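Visitor: I'm new to this one and would like to learn how to read it. Could you walk me through it, feature by feature?

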Amino acid sequence: MTGSPARTLLLWCPDWPVLAAEIVDGVPATGPVAVLHANRVVACSERARAEGVRRGLRKREAQGRCPQLTVVEYDPGRDARAFEPVVAAVEELVAGVEVVRPGACAVAARGPSRYLGGEEAAAERIIEHVAQSCLVESQVGIADGVFAAGLAARAGRVVAPGGTPEFLAGLPVEALGRSALADLLRRLGVRTLGDFAALPAGDVLARFGFDGALAHRLAAGRDHRPLAVRQPPADLTVTAEHDEPIDRVDAAAFVARALAEQLHERLAGHGLACTRLGIEAVTEHGQELHRVWRHDGLLTAAAIADRVRWQLDGWLSGSNGRTGARPARPTAGIIRLRLIPDGVIAQAGLQAGLWGETGEERERAHRALSRVQGILGPEAVVTAVLGGGRSPGDQVRLVPWGDERLPTRPGPLADAGADPATGRGEGGAPPWPGRLPAPAPAVVLPSPLPATVHDAVGEPVVISARLAVSAPPARLVVGTGQPAEIVGWVGPWPVDERWWAPAEARRRARFQVGLADGTALLLAVEAGHWLVEAIYD
């Protein structure tokens, strides 16, 4: 690859994992703080460094050097979330930002240096703007290439054009960020990047492989990697402000159609379609209303308008605080309405069914359920989601129509193909330990029914602490009903849950029994009491 590397401006926030812990979790960065990953220090505060804490130390050694050290676990998600406002602040001044890692971002230096009065002036302006907007201290380095700019940022330097190889030559080989390679180079007598860059490229490739050859190019200042420019997300939200509060359904329907068409045109302009729609409203008294609608297909302008109209109808036709299934009506009319495309995909992202569209019947069902929900409230229409758990009642969660269909407990992918003999799911993934074997019961009772179980001579059947059955179950009485003969049974399957939390602990044993009339039941014994939990088909 020919040509010199592009001039790059890189902004670096020192000790960013420590600052992120302060921003997100409130850990004071002015004190001795260390961020640990795999029991080793990956970042520490200035106060901790003054006490002798260094990167790479084990937790015990770091605490030995600084007994008052505050330890924080490394969380890359926390670092990225805290760094987003910094990137947004940089984007307010320059375009084309690449996030190198949380705590460092880079831009091409050519544009900012032109309209901000030179490279040094651009660096000072960006540092000042980040400090004022985010209250974060940062340093800027400018050099030829991202690698050299990152090292220049640690020194707060602006390397002159063409001076990058000379700047890199005096740095130690540890600056490459490859500890194994740096250790090997030092044992070979190569101590600086200049010494490494002076080696023949062919010999480096043969001795150190492809990664070593890439490091050799960086050490020589030949970093030709282009910037991976971050594209700021487009603002797709549409908002309507009203001087006169809307308190009638017909007026709300008119506003809904106009706003829906505006949103659909904006999405179409970006080649996108909406699958999940957020509706927000603010009343004259400052009350905020919010609801998310989900759709399996593409929401057209008419479909968006229908859902907005239904939701406004449900809000404006509320119960006025009187008892009933309908939610309470807002205390005042709506003055602001906002539509948020919460889930968007490319227009080609959803295909029609194999024999055409998804079907009019399905669309009518969607519309009917959404209409009922808009009138009666989000909890009025629910669907079942299968998840993980040990009992049938634990594996099912009822979620409002249109909400995210996430199980309460993970595990349906593994549990779905679980082998009763081995207890393992598809692909070898272990399901919930103690989970009941197949088949699943057809009816799960909302509240277990009390029952009694007797043996052949009429004595109650009891289960010992070691899960020994006193006698084979012979007769079952549910509540105050008539005795039923038990013709087959299997069990017990024990469950001892959350024993470490006494308030939530639960210990029981389950049985599957078959009755003489062909009925099959799931029984449980808990604290010496028999219960009917479910019925098999």
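**A guided first look**

Guide: Let's start with one residue and its neighbours. Leaving out residues up to four places away in sequence, Ala 524 touches Ala 509, Arg 510, His 529, Trp 530, Leu 531 and Glu 533. Keep in mind that this is a predicted model.

Visitor: Which strand does Ala 524 lie in?

Guide: Ala 524 belongs to β18, which covers residues 520-526. Look across to Arg 510 too: it is 14 residues away along the chain, yet the two C-alpha atoms are separated by 4.3 Å.

Visitor: Is Ala 524 buried or exposed?

Guide: Buried counts as under 20% relative accessible area. Ala 524 has a relative accessible area of 0%, so it is buried.

Visitor: What about a whole helix? Which residues of α1 are buried?

Guide: Helix α1 spans residues 16-25, and its buried residues are Trp 16, Pro 17, Val 18, Ala 20 and Ala 21. They pack against β2 (33-37), β3 (40-44), β4 (70-73) and α4 (76-91). After α1 comes Gly 26, with a positive phi near 80°.

Visitor: And how do I read a core?

Guide: In soluble globular proteins, nonpolar side chains tend to be buried together. Here the largest nonpolar core has 29 residues, and those with the most contacts inside it are Leu 10, Leu 168, Leu 176, Leu 185, Phe 196 and Phe 208. Several elements give two or more residues to this core, among them β1 (7-12), β6 (104-108), α7 (146-155) and α11 (201-219). The most comes from α7, with seven residues.

Visitor: Which residues does Phe 208 touch?

Guide: Setting aside residues up to four places away in sequence, Phe 208 touches Leu 181, Leu 184, Leu 185, Leu 188 and Phe 196. There is also a second, separate core of 27 residues, which includes Val 255, Val 308, Trp 315 and Leu 339.

Visitor: Now the empty spaces. How do I find those?

Guide: Rolling a probe the size of a water molecule over the atoms shows where empty space is left. In this model, the largest pocket has a volume of about 880 Å³.

Visitor: How many residues line the largest pocket, and which lie nearest its centre?

Guide: There are 27 lining residues, with Phe 147, Leu 151, Ala 175, Leu 176 and Gly 177 nearest the centre. By type, the lining has 14 nonpolar, four polar and nine charged residues.

Visitor: Which element gives the largest share of that lining?

Guide: That's α7, with five residues. At least two residues each come from β5 (98-101), α7, α9 and α11.

Note on methods
Residues are numbered from 1 along each chain as its sequence is written. This is a predicted model: local features need pLDDT of at least 70, side-chain atom pairs count only at pLDDT 80 or more; totals for chains, interfaces and linings use all residues. Side-chain values use heavy atoms; hydrogens and water are left out. A nonpolar core is a set of buried Ala, Val, Leu, Ile, Met, Phe, Trp, Tyr and Cys residues joined through side-chain atoms within 4.5 Å. Buried means under 20% relative accessible area, exposed over 50%, partly exposed in between (1.4 Å probe, protein chains only). Helices (H or I, at least four residues) and strands (E, at least two) are DSSP runs, numbered from the N terminus. Contact means heavy atoms within 4.5 Å. On a 1 Å grid over the protein atoms alone, a cavity is a set of points where a 1.4 Å probe fits but cannot get out, and a pocket is an open set with protein on both sides within 12 Å along at least five of seven lines; lining residues have an atom within 4 Å of a point. Grid points are joined across faces, edges and corners, and a volume is the space filled by probe spheres set on the points. Ala, Val, Leu, Ile, Met, Phe, Trp, Tyr, Cys and Pro count as nonpolar, Asp, Glu, Lys and Arg as charged, and the others, Gly among them, as polar.
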